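Subject: Structure handover

Hello,

Here is the structure you are taking over. My notes on what was found follow below.

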Amino acid sequence: MKKLLTLLSLTLSMTAFASNYYNDASTTMEVTAYVLQPLNINAETNMQFGSIVRAQNSTATGKFKITGENGAKIKVEFSDKVNLNHEQGGASMEVGVWSDNKPWQLDGNGVAEFTVNGNIQAAADQKAGQYSGELLASVRYN
């Protein structure tokens with residue numbers, strides 16, 4: 001009986017001891033969101049090479065304008081080549097495209113502008129006529 005009382009006493013004290021060190025805790029976290037203005041990109045000036053003589057090259061520039069959130073960082077992308085197709089088909093020319101001033105951030109008014117440069121080479125046997133194509137540029141918040 002003494003052993004039983006000792007065992008029971010020990011069990012009760014361990015339970016009480018364990019319950020004194022059991023700790024419930026909780027907290028909250030603030031959750032917020034900021035909605036940015038949508039980005040827009042527009043071609044302000046088209047890249048126009050004008051008339052090109054066969055077997056010669058020509059350069060031209062175009063200009064894009066981006067609007068969005070004031071001072072936001074952005075990433076601009078565009079292809080480094082544009083394929084121009086003859087208006088009647090059957091012929092094409094390739095334009096190499098680059099920019100020396102691609103923006104990475106909108107200014108304090110939420111605006112950035114940049115120029116793109118193009119270089120085209122007409123082959124000696126290039127089909128005469130009108131050629132056209134499109135340069136796709138995209139922008140995203142970075």
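Contacts (heavy atoms within 4.5 Å) come first: among those in the protein with a separation of 6 or more, 71% are between residues 24 or more positions apart. This is a predicted model, in which local features need pLDDT of at least 70, side-chain atom pairs count only at pLDDT 80 or more, and totals for chains, interfaces and linings use all residues. Residues are numbered from 1 along each chain as its sequence is written, and side-chain values use heavy atoms, with hydrogens and water left out.

The order along the sequence is α-β-β-β-β-β-β-β-β. Of its 142 residues, 23% count as buried, where buried means under 20% relative accessible area, exposed over 50% and partly exposed in between (1.4 Å probe, protein chains only).

Gln126 is buried, with a relative accessible area of 11%. Its side chain makes a polar contact of 3.0 Å with that of Tyr131; such a contact is a pair of N or O atoms within 3.5 Å, and within protein one must be able to donate a hydrogen and the other to accept it, while residues adjacent in sequence count only if both atoms are side-chain atoms. Leaving aside neighbours within four places in sequence, Gln126 also has Arg54, Ala91, Ser92 and Met93 among its contacts.

Regards

Technical notes:
Helices (H or I, at least four residues) and strands (E, at least two) are DSSP runs, numbered from the N terminus.
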